[in-house]
Amino acid sequence: MTKFQEPVMFKDVAVVFTEEELGLLDPAQRQLYRDVTLENFRNLLSVGNQPFKPDLIFQLEREEKLLMMETETQRDGCSGENCPATLPHCCPSDLSIMLLLHFP
């Protein structure tokens, strides 16, 4: 007898931290969380099992873009007050806190 299963959705595989839990992650853990969560979402998209983009994904993608911009700025030799970058001058942990406050 064939058993049919419901398709796997993002909510079935996502690990969602509270703001307090996110605050306990160091920058490397935060990046791993972001990378794995985005990869899981993209994998579900590739097999057609995700009809919409959850708020968490919007937040993580925005954070990913901000960190890429910050990395490019640092690579270009900018740092501290002498840098004309569009991002606020902060360390990655400050950026995570800033994102948490901006994206509840």
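Analyst: The mean pLDDT of the protein chain is 74, and 72% of its residues reach 70 or more; pLDDT is the predictor's confidence in each residue, from 0 to 100. This is a predicted model, where local features need pLDDT of at least 70, side-chain atom pairs count only at pLDDT 80 or more, and totals for chains, interfaces and linings use all residues. Residues are numbered from 1 along each chain as its sequence is written, and side-chain values use heavy atoms, leaving out hydrogens and water.

User: Which helix has the lowest mean pLDDT among the elements of the protein chain?

Analyst: Helix α2 (residues 19–24) has the highest mean, 92. Over residues 84–104 the pLDDT is below 50. That stretch still has 29 contacts in the model beyond near neighbours in sequence, a contact being heavy atoms within 4.5 Å. The lowest mean pLDDT, 42, belongs to residues 92–102, helix α5.

User: How many helices and strands does the protein chain have?

Analyst: Helices (H or I, at least four residues) and strands (E, at least two) are DSSP runs, numbered from the N terminus. Along the sequence the pattern reads α-α-α-α-α. The count is five helices and zero strands.

User: What share of the 104 residues is buried?

Analyst: Buried means under 20% relative accessible area, exposed over 50%, and partly exposed in between (1.4 Å probe, protein chains only). The accessible surface of the protein chain comes to about 7700 Å², with 56% of it on carbon and sulfur atoms. Those areas come from the Shrake-Rupley method with a 1.4 Å probe; for residues, only the protein chains shown count as cover. Of the 104 residues, the buried share is 27%.

User: Which residues are linked in a network of salt bridges?

Analyst: A salt bridge is a side-chain nitrogen of Lys or Arg within 4 Å of a carboxyl oxygen of Asp or Glu, and the whole structure holds four. R30 pairs with E63 at 2.4 Å, N to O, and R34 pairs with E63 at 2.5 Å between the closest N and O atoms. R30 and E63 are both buried, and R34 is buried too. The network is R30, R34 and E63.

User: How far apart are the end C-alpha atoms of α4?

Analyst: The expected span of a helix is 1.5 Å times one less than its number of residues. α4 has 21 residues, so it should span 30 Å. The model agrees, with its end C-alpha atoms apart by 30 Å.

User: How far is L67 from Q31 in space, C-alpha to C-alpha?

Analyst: L67 lies in helix α4. Its relative accessible area is 18%, so L67 is buried. L67 and Q31 are 36 residues apart in sequence, and their C-alpha distance is 9.6 Å.
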